[in-house]
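Reader: Hello! Please give me a close look at the packing here, beginning with the chain written as A, and tell me the cut-offs behind each term as you go.

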Amino acid sequence: MSDAQIASPGRRILLFDGDCAVCRTIARWVTRSSAPQPGRSTLIVRPIGHDPEALHALNLSLDIWDAYATIHLVMPDGSMKLGGEAVAEVLRNLPGTRWFAWLFAVRVFGHRPFQAVLDLGYLVLADVRPLLGCESCGSKNPYVTKAKALVDFFTAPRTSGGHHSRRSS
Amino acid sequence: MNISGATDAIHDVAESTFASLVLAGSGPIVVEFMSYGCSHCRTLEPVIEHVAEELTSRETFFRVNVGMEGELADRYGVTGTPTLVMFRDAREVGRVVGPRPDASSLTLALTQPFER
């Protein structure tokens, strides 16, 4: 990606885990969904990569460990949206989803119920990625670990444990 | 540049510097092959930094970012991260794959191979 692209005013940069099959699928969908507006897309989708310095070039406060732990959207003003907030902002910027994305800003008695549901959905999806085919994702939740072990037991033989396979899925 | 968050007790090493720093290095040397996308590496990070600080007078610690140094990882048969490889006199004397993030057991795992 060129610096000119990065510096394009008004464009948000969505960072995704390029080693995660689930994240790649979602990133492809976002890219395709923003494609109907060539030259007018407000989103740049790019993998996090492995170079902490390259991320610092995007935004000085971007920490590569954090970027892998939670979805990050770098806003044109340099601020960042994380997790469910980042997902909502992406949906607000896609032609096919912006019609309902306004819901995430709706406040009821000071709370944003639709955003809360989206936050929860994001957390669940992030956690169950190993069950959806991500070989590079770990989970600290015992139920996911156990379910993954069960899936592994019934599928292809492979080593598992407290480490991250270098095979890309 | 030192990898984000790393302490001075752990030095970055790459393909271009591996021979001079690790293979030609003196004394016990521990090389951590890690990647940022690996959640276990993140869990282990503060533990290995603590252990490296504790052992800094006895052992030298290096870190290889396998996302950037894939060939180096392949050469040493690293199939998953984190993998810690112990070297002395340019020879591998031990290896730990996916250690528990526990300081005492990690210290033991990283010192025992040098006591044989």
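Author: Helices are DSSP runs of H or I with at least four residues, strands are E runs of at least two, and both are numbered from the N terminus. With that in hand, chain A reads α-β-α-β-α-α-β-β-α-α-α-α-β along its sequence, which comes to eight helices and five strands. Please bear in mind that this is a predicted model, in which local features need pLDDT of at least 70, side-chain atom pairs count only at pLDDT 80 or more, and totals for chains, interfaces and linings use all residues. Residues are numbered from 1 along each chain as its sequence is written, while chains are lettered from A and ligands numbered from 1 in the order in which they are written.

Of the 169 residues in chain A, 29% are buried (20 or more other C-beta atoms within 10 Å of their own; 12 or fewer is exposed, in between is partly exposed, and C-beta atoms are placed from the backbone). Among the contacts of chain A with a separation of 6 or more, 51% join residues 24 or more positions apart (C-beta atoms, placed from the backbone, within 7 Å).

The largest nonpolar core holds 31 residues (buried Ala, Val, Leu, Ile, Met, Phe, Trp, Tyr and Cys joined through C-beta atoms within 7 Å). The members that touch the most others are A:L14, A:I48, A:A67, A:V87 and A:V90. Two or more residues each come from β1 (12-16), α2 (21-34), α3 (52-58), α4 (64-69), β3 (72-74) and α5 of chain A. Helix α5(A) gives the largest share, five residues. As for A:L14, beyond its neighbours within four places in sequence it contacts A:V30, A:L43, A:I44, A:V45, A:L73 and A:V90. Apart from this core lies another of 28 residues, including B:I10, B:L72, B:L84 and B:V85.

Back to α5(A), residues 83-92, which also packs on α7(A), residues 113-128, at an angle of about 110° with the axes 8 Å apart (lines fitted to C-alpha atoms over the stretch in contact, with angles from 0 to 180 degrees between N-to-C directions). The two helices are therefore roughly perpendicular (65 to 115 degrees; under 35 is roughly parallel, over 145 roughly antiparallel, the rest oblique). On the α5(A) side the contact uses A:G83, A:G84, A:V87 and A:A88, and on the α7(A) side A:Q115, A:L118, A:D119 and A:Y122.

From α2(B) come B:V47, B:I48, B:H50, B:V51, B:E54 and B:L55, and from α4(B) come B:A103, B:L106, B:T107 and B:L110.

Most residues other than glycine have a negative phi, and most peptide bonds are trans. In chain B, a cis peptide bond with omega about 0° joins B:T81 and B:P82, and B:P82 sits in the loop between β4 (80-81) and β5 (83-88). B:D89, in the loop between β5 and β6 (91-97), has a positive phi of about 50°. B:A90, also placed between β5 and β6, has a positive phi of about 70°. B:D89 counts as exposed because it has 12 C-beta neighbours inside 10 Å, and B:A90 is exposed with 11 other C-beta atoms within 10 Å.

Methods:
Contact = placed C-beta atoms within 7 Å.
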